Amino acid sequence: MLKGKGVSNGIGFGNIVILKKVERKIEKKTIESAQVENELERLHEALREVIDETEIQMKHISGTEADIMQAYLMILQDPSLISETENAIKNSHYNAEYAVEVGFNSVIQIFENMDDAYMASRSRDILDIKNRVLGKLLKEETIDLSNLKPNTIIVATELTTSETAKLDFKNVSGIITEMGGENSHTSIMARTHTIPAITKVEEATKLFKDGDSVAINGTSGEIYVNPTEEEKQKLLTLEKQLEEEKTELEKYRDKESITKDGTKVKLYANIGLPSDAEIALKNTAEGVGLLRSEFLYMDSDTMPTEEDQFEAYKQVAEIMKDKEAIIRTLDIGGDKDLKYLNLEKEANPFLGYRAIRLCLDNPKIFKIQLRAILRASAFGKLAIMFPMISSIEELRAAKQVLEECKKELDNENVSYDKNIQVGIMIEIPSAALIADKLAQECDFFSIGTNDLIQYTVAVERGNEKISKLYTKYHPAVIKLIKQAIDGAHLSNITCGMCGEAAGDPLYIPLLIGLGLDEFSMNSNNILRARRTINNLDKEICKKLSEEILQMASAEEVEKRLREFVNN
Ligand code: PEP
Ligand code: MG
């Protein structure tokens, strides 16, 4: 048995698929005239392989995905696209790889410059095809993450967030990685999709072979290769227990989120992709407290257009209907990169050019997103949330850009929700400390404990070496949470929390005591959180929080909360 760190609960049985990283290098070579035919043949063989692959994929899909694949086939067979590449071989005597680079790029540029938004966004499909053709020419062994065999257990050094976003979740039974922490975005996404995940498995990509049969326990971090009958039975028993708890939690499906003494709170869901809103509703979310819009950007090889984003946010608004959905504006930087932005490497990315800082510095990018959210707000109950606010100036500057977008839409006679709520994340200590001032200039707060903890105790959120120091129980973190909630209430605005701490049954009594109004969490934690809240007494929780606010040590806080929950 192997052991790693369980980061997403559940039992998974399946076969290993190892994700190998390939560094792609396109060399520019000049070929002899005699080689032209050979290079043309290589090009056509690569195109044929991609066409064959696409045709096979099409047999297994339907709806929009199938439409996209159909469009791929048309592009691949379009003589005008291919002739650019052929000419680069015939006339410029480039090797096939470089010819694909040149030929496809010129067509991509033509599409990008088209006025029609739909046609412009097709450039992304051509880019995708280019990458696949190059993969064939370079004989790269690539795995199509969006099209996996049933019961796949993915093994990787580390899954990037964009790789995770592409995963064919219905066929993934588990994820095993060498690196990545509990609060990495990959772990968070695995939890949203209830996929068991284990990280910190040293040399995992070398330990296993493709096709190995394994069973994993995402709670304990245990991995069994070729599990014995006895091991299988043990895991099946655990799986049954998890199922039983799930059934017991079903009782809370139609209950209100209210304490025994009548304090109502909101139980919201955190989502990554627009379609996750369906998962949220299935789990009885009363709203979406955080749509991490960066997933939309990371799921793409080029910047999503206003039209792309409008469609995505509209989808959320329409799924959620009259329930609120808070769209957080782009939070890129830190551990989330966007290759096409060509951001410079920084020594301290979490303290660097990130989120609202990047947006305010690139108003063009920011405006595209704000216009898209505003337009989508006509179709439901959307709210806007700015991430990583550290000062009142940043909040004012962000609101100013939003006002400009509203004016533009007014001039264009485009409708949007004129009363759209505007809030901010409280995830930097400086914001928590001036919460009373910030509250006077926005409509709501949402505390981001994932970042607030790292900035308060100076411990990077994904750094395993020092992960023991990364604790939500630190009294300083709790004081900042209190300050944010009190600051919000002074101006009669609501204070929520969308960091992972909001869904922790051990922490919820403290948050109820401090007066938190809205708890936003992974969808699959909602019923459990409702059960916790239904069994709490606000007045008792208030006393508990007062007692905890006097404590000096994180250990003491954690011990007291465990004691409270166990009694
Ligand atoms: C947070 O920091 O708590 C948060 C919710 O934002 P993210 O995890 O996306 O940084
Ligand atoms: Mg954050």
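# Briefing: contacts in a predicted model

Phe-445 touches Ile-424, Ile-426, Ala-435, Leu-438, Ala-439, Ala-484, Gly-487, Ala-488, Ile-493, Thr-494, Cys-495 and Gly-496, leaving aside residues up to four places away in sequence. Contact here means heavy atoms within 4.5 Å. This is a predicted model, where local features need pLDDT of at least 70, side-chain atom pairs count only at pLDDT 80 or more, and totals for chains, interfaces and linings use all residues. Residues are numbered from 1 along each chain as its sequence is written, chains are lettered from A and ligands numbered from 1 in the order in which they are written, and side-chain values use heavy atoms, with hydrogens and water left out.

**Nonpolar cores**

- The largest nonpolar core has 121 residues. A nonpolar core is a set of buried Ala, Val, Leu, Ile, Met, Phe, Trp, Tyr and Cys residues joined through side-chain atoms within 4.5 Å.
- Buried means under 20% relative accessible area, exposed means over 50%, and partly exposed lies in between (1.4 Å probe, protein chains only).
- Tyr-313, Phe-386, Phe-445, Ile-447, Ile-481, Tyr-507 and Phe-519 touch the most other members of the largest core.
- This core takes at least three residues from each of domain 1 (2-20 + 147-227) and domain 3 (266-566). The domain bounds come from an automatic or database domain assignment.
- A second, separate core has 31 residues, including Val-36, Val-107, Phe-111 and Ile-126.

- Glu-427 sits in the loop between β13 (421-426) and α17 (429-433), and Asp-451 in helix α19 (residues 449-457), so the pair ties together parts 24 residues apart in sequence.
- Helices (H or I, at least four residues) and strands (E, at least two) are DSSP runs, numbered from the N terminus.
- Both Glu-427 and Asp-451 are buried.

**Salt bridges**

- The whole structure holds 43 salt bridges. Each is a side-chain nitrogen of Lys or Arg within 4 Å of a carboxyl oxygen of Asp or Glu.
- Glu-250 pairs with Arg-253, with the closest N and O atoms 2.6 Å apart. Glu-250 is partly exposed at 37%, and Arg-253 is partly exposed at 29%.
- Glu-306 and Arg-375 form a salt bridge at 2.7 Å, N to O. Their helices are α13 (residues 306-320) and α15 (residues 363-376), and the two residues are 69 residues apart.
- Glu-408 meets Arg-371 at 2.8 Å, N to O. Glu-408 is in helix α16 (residues 392-411) and Arg-371 is in helix α15, 37 residues apart.
- Glu-408 is partly exposed at 25%, whereas Arg-371 is buried at 12%.
- Shared partners join Glu-306, Glu-307, Lys-367, Arg-371, Arg-375, Glu-404, Glu-408 and Glu-412 into one network of salt bridges.

**Aromatic pairs**

- The whole structure holds 4 aromatic pairs. Rings of Phe, Tyr and Trp (its six-membered ring) pair if their centres lie within 6.5 Å; planes under 30 degrees apart count as stacked, over 60 as edge-to-face and the rest as tilted.
- Tyr-94 and Tyr-98 are edge-to-face, with 4.9 Å centre to centre and 85° between the planes.
- Tyr-473 and Tyr-507 have ring centres 5.9 Å apart and planes at 65°, so this pair is edge-to-face.
- Tyr-473 and Tyr-507 are both buried.
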